[in-house]
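I opened my notebook to record what I could look up in one protein chain. The entries follow the order in which I checked things.

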Amino acid sequence: MKLQNILESINIAEELDKEQLVAIGKQVCEGFDIDLGSRKPWERDIEKWTELALQISKNKTYPWPNASNVKYPLLATAAMQFAARAYPSLVPSDGNIVKCQVVGSDMDGQKVMRAERISKHMSYQLLEEDQSWEEQHDRLLINVPIVGSAFKKTFHSGIKGHNRSDLVLAQDLVLDYYAKSVEDCARKTHMIPMYRNEVHEK
């Protein structure tokens, strides 16, 4: 199969034979299982931290059964304070979220003017076109101090006809726990829960 055919193909799977698809599927599943297994201790920690933040109380058996079990909302309060302080820094009140930087010489000021136009348009895309951006950004800032990380996935939605920037929780992004960085990681798997009808729709 030629590279040009692959690049022009709408669905590469249709260009491959069954043996190739099975081999690729097996390789993908094995890699995913390895990555998922590498982060098991971290997943147990996440469960504990989430229980602390949500103030889920369980019956105590020590020092005696049903002993007093008072939970203070320290982690939840700290997370809300972090979000309240970080939000104005990342989302200024004037709505200029994106700020383009000019690289190289700009004798006539054309690059600066272009950068300002792009900044305004991209800020408009985030705040006006993508109506869920602000809400998801708020959720991200609550999650980061509790879990430690969260991600944004930005792409052009063919269904909605504009750019989208979706929140991806750390629990839903599976990669090798011991990778040095997200960029250098061999595999990145975004787990997207879907109903059966949504799968058929796509």
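Is Gln-55 buried, partly exposed or exposed? The model I am reading is predicted. I looked up the relative accessibility of Gln-55 and found 34%. Buried means under 20% and exposed means over 50%, so Gln-55 counts as partly exposed.

Entry: the loop between α3 and α4.
I placed Gln-55 in the loop between α3 and α4. I then checked its backbone, and phi of Gln-55 is near 60°, a positive value in a residue other than glycine. Asn-66 is found in the loop between α3 and α4 as well. Phi of Asn-66 is also positive, near 60°, and this residue is not glycine either. The relative accessibility of Asn-66 is 61%, so I put Asn-66 down as exposed. I also found Pro-63 in the loop between α3 (40-54) and α4. The peptide bond that joins Tyr-62 and Pro-63 is cis, with omega at about 0°. I noted the background for these checks: most residues other than glycine have a negative phi, and most peptide bonds are trans.

Entry: the whole chain.
I went through the secondary structure and noted seven helices and four strands in the protein chain. Read from the N terminus, the order is α-α-α-α-α-α-β-β-β-β-α. Why do I call the chain more spread out than a compact globule? Its radius of gyration is 23 Å, well over the 17 Å that the globule rule gives for 202 residues, so the description holds. The box filled by the C-alpha atoms, taken along the principal axes, is roughly 75 × 55 × 35 Å. Of the 202 residues in the protein chain, 24% are buried. The chain exposes about 15500 Å², and carbon and sulfur atoms supply 55% of that area. I looked at contacts between residues at least 6 apart in sequence, and 46% of them join residues at least 24 apart. For the charges, I noted 26 positive and 29 negative ones, with mean positions 5 Å apart.

In soluble globular proteins, nonpolar side chains tend to be buried together.

Entry: Leu-141 and Ala-78.
I listed the contacts of Leu-141, leaving out residues up to four places away in sequence. Leu-141 touches Ala-79, Phe-82, Ala-83, Ala-86, Tyr-87 and Leu-90. Ala-78 is in helix α4. Its relative accessible area is 40%, so I recorded Ala-78 as partly exposed. Ala-78 and Leu-141 are 63 residues apart along the chain, and their C-alpha atoms are separated by 11 Å.

I found Pro-92 in the loop between α4 and α5 (110-129). Pro-92 counts as partly exposed, at 22% relative accessibility. Beyond its neighbours within four places in sequence, Pro-92 is in contact with Ile-97 and Lys-99. Leu-127 is found in helix α5 and is partly exposed, with a relative accessible area of 23%. Not counting residues up to four places away in sequence, Leu-127 touches Gly-95, Ile-97, Trp-133 and Glu-134. I also checked Leu-127 against Lys-2, which is 125 residues away along the chain, and their C-alpha atoms are separated by 42 Å.

Entry: Leu-175.
Where does Leu-175 lie? I found Leu-175 in the loop between β3 (173-174) and β4 (189-190). Its relative accessible area is 17%, so I noted Leu-175 as buried. Not counting residues up to four places away in sequence, Leu-175 touches Asp-35, Ser-38, Val-182, Cys-185, Arg-187 and Lys-188. For one of these, Arg-187, I looked up the spacing. Leu-175 and Arg-187 are twelve residues apart along the chain, and 6.0 Å separates their C-alpha atoms.

How values were computed:
Residues are numbered from 1 along each chain as its sequence is written. This is a predicted model: local features need pLDDT of at least 70, side-chain atom pairs count only at pLDDT 80 or more; totals for chains, interfaces and linings use all residues. Side-chain values use heavy atoms; hydrogens and water are left out. Helices (H or I, at least four residues) and strands (E, at least two) are DSSP runs, numbered from the N terminus. The radius of gyration is taken over C-alpha atoms; the globule rule is 2.2 Å times the number of residues to the power 0.38. Buried means under 20% relative accessible area, exposed over 50%, partly exposed in between (1.4 Å probe, protein chains only). Contact means heavy atoms within 4.5 Å. Accessible areas come from the Shrake-Rupley method with a 1.4 Å probe; for residues, only the protein chains shown count as cover. Lys and Arg count as positive and Asp and Glu as negative; His and the chain ends are not counted. The place of a charge is taken as NZ of Lys, CZ of Arg, CG of Asp or CD of Glu.
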